Amino acid sequence: MPKNEMRHASWQELLGPPSPASHIVQIYDSDDFLVAAVGHFVVEGLRRGEAVLLTGTETHLRRLRQHLHSQGLNADAAMRAGQLLLSDADAGVRAILDGQGIDAARYEALTGEALSHMRADERFSGLRWWGEMTNILHRQGRDKAALAAEAQADAIAKRHGVTLLCSFHCDRFDPRSYDGMMREVCCRHTHVIPAQDYVRHRLAVNHAIEEVVGEIRGPLLQSLMSWKGLPCELPSSQALLFWVRDCIPERFAEVLERARAYPHPGSSMEAA
Amino acid sequence: MNSALTDCGLPGIRRIPYGVHMCHFYEGREDLAAALVPYFKAGLRNNERCIWITAAPLSAADARQELSRTGVDVDAAVAQGALVVRDFSEWYAEAEKLKGRQVVDLWLAEEERALAEGYSGLRITGNVTFLQPADWEEFMAYEALVDEAFPPRRIVTLCTYRLGEHGASGVLDVVHRHSCTLDHPDEGWQILTRSVSGI
């Protein structure tokens with residue numbers, strides 16, 4: 001990540017006009033958030049005259065079409081015009097699986113060719129691709145295949161100059177998530193969207209760290225200031241959770257627990 | 001005159017490059033003065049134009065007094081134009097309508113003016129206790145612009161933030177938008193350089 005690339009203050013800001021060659025991951029915990037973020041990504045792309053490929057589950061594609069309709073966009077017309085292409089991610093996973101791994105040639109045939117075709121269409125000013133095959137493979141317990149698929153998607157997106165958004169289902173306040181794929185997935189993307197409400201996430205994490213760890217000073221402050229971080233752009237509140245896991249692992253579970261318990265806006269706890 | 005390095009002024013740190021954009025997290029008034037007084041004393045010694053934008057817990061009057069205590073002839077430096085000490089309320093009353101990029105341009109013009117008047121460079125600081133939570137993101141965007149614009153220039157910058165005021169995430173936000181962090185673990189000072197990350 002270039003040192004001075006502008007940081008994003010919200011996922012809406014990031015997904016509106018993403019910087020070229022962005023490969024973004026959304027960590028989601030509800031389908032509503034998935035539809036909100038991916039829907040925004042698609043709507044912005046279509047309105048800007050870009051072509052869009054959606055590789056999602058049947059359920060998510062149906063909800064995304066409903067979202068487009070609610071935004072005054074006609075998905076059928078966009079599909080007929082070749083501006084929007086929907087692709088079944090479950091079928092895609094079945095097609096590319098080769099034992100416990102994936103078949104690179106089949107993956108290329110499945111998505112690379114479609115993207116190449118859309119990219120060649122001069123009517124469109126850009127190309128966006130959303131996918132969740134990595135997530136499906138992960139949920140099937142095929143983490144190695146999931147990471148291989150992610151790497152291949154990244155290579156294909158770079159080759160075709162595509163802005164790529166991935167959605168990854170994960171409980172961001174469960175320590176087990178961090179033991180598994182969470183870090184791997186973040187490190188394989190240029191930008192991470194860790195939560196729907198960035199302000200609340202920051203307040204929750206700061207509050208949890210203050211309660212569990214206390215004020216960051218002395219050696220802890222030095223540790224935080226010189227911590228290497230992750231090679232992707234992510235809000236500081238999510239980066240802090242990775243730092244706590246790295247540097248204060250014995251307090252990590254408690255920090256996550258407190259952050260999860262942080263009151264939602266309008267709740268009685270907050271009012272108190 | 002044309003050296004790419006200058007004295008930092010803080011014990012334990014000798015030479016720093018022009019263009020450096022440093023930050024420091026202080027705990028209280030004494031800690032803040034311990035950083036800024038030797039920093040500006042070195043700037044005046046190096047023939048740099050020094051601009052000190054003050055805020056609580058160290059007012060402009062306090063800053064002048066602290067600097068005088070170390071033997072600097074503050075009145076003479078101010079009269080010559082080598083030293084400007086102003087409270088943020090006074091300074092921002094003029095700059096508040098400017099957006100981040102315009103404030104950066106203002107600093108760059110100030111550096112050009114200093115060089116044209118025979119100074120070796122520009123040395124500045126800003127203490128940001130005046131920041132409101134709602135202004136945080138916009139101010140961080142400004143810091144990012146500074147971090148991008150200052151490196152090729154003969155400007156030395158030290159931004160000071162009160163520890164604990166912006167939460168742990170605030171520390172990361174600030175660290176990532178500066179070339180390095182000044183730390184004061186004991187009698188001496190040290191520079192902590194930022195690692196590459198996308199925070």
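This is a predicted model: local features need pLDDT of at least 70, side-chain atom pairs count only at pLDDT 80 or more; totals for chains, interfaces and linings use all residues.
Modeller: Residues are numbered from 1 along each chain as its sequence is written, chains are lettered from A and ligands numbered from 1 in the order in which they are written, and side-chain values use heavy atoms, without hydrogens and water.

Colleague: Good start! Why is the pair of Phe25(B) and Tyr161(B) called tilted?

Modeller: Rings of Phe, Tyr and Trp (its six-membered ring) pair if their centres lie within 6.5 Å, and planes under 30 degrees apart count as stacked, over 60 as edge-to-face and the rest as tilted. By this rule there are 8 aromatic pairs over all chains. For Phe25(B) and Tyr161(B) the centres are 6.1 Å apart and the planes stand at 35 degrees, so the pair is tilted.

Colleague: What makes this pair a link between distant parts of the chain?

Modeller: Phe25(B) lies in strand β3 (residues 21–26) of chain B and Tyr161(B) in strand β7 (residues 155–162) of chain B, 136 residues apart.

Colleague: And how do you know that Phe139(B) and Tyr142(B) are tilted?

Modeller: Their ring centres are 5.3 Å apart and their planes are at 50 degrees, so this pair is tilted. Phe139(B) and Tyr142(B) are 3 residues apart in helix α6 (residues 136–149) of chain B, which means that about one helical turn separates them. Both Phe139(B) and Tyr142(B) are buried.

Colleague: Now to chain A. Why are α2(A) and α3(A) called oblique to each other?

Modeller: The axes of α2 (residues 31–47) of chain A and α3 (residues 58–70) of chain A come within 9 Å and cross at roughly 55 degrees. Angles under 35 degrees count as roughly parallel, over 145 as roughly antiparallel, 65 to 115 as roughly perpendicular and the rest as oblique. α2(A) and α3(A) are therefore oblique.

Colleague: Which residues of α2(A) and α3(A) meet?

Modeller: With contact meaning heavy atoms within 4.5 Å, the residues that meet include Leu34(A), Val38(A) and Val42(A) in α2(A) and Leu64(A) and Leu68(A) in α3(A). The contact residues divide into 8 nonpolar, 4 polar and 3 charged.

Note on methods:
Axes are lines fitted to C-alpha atoms, for helices over the stretch in contact, and angles run from 0 to 180 degrees between N-to-C directions. Helices (H or I, at least four residues) and strands (E, at least two) are DSSP runs, numbered from the N terminus. Ala, Val, Leu, Ile, Met, Phe, Trp, Tyr, Cys and Pro count as nonpolar, Asp, Glu, Lys and Arg as charged, and the others, Gly among them, as polar. Buried means under 20% relative accessible area, exposed over 50%, partly exposed in between (1.4 Å probe, protein chains only).
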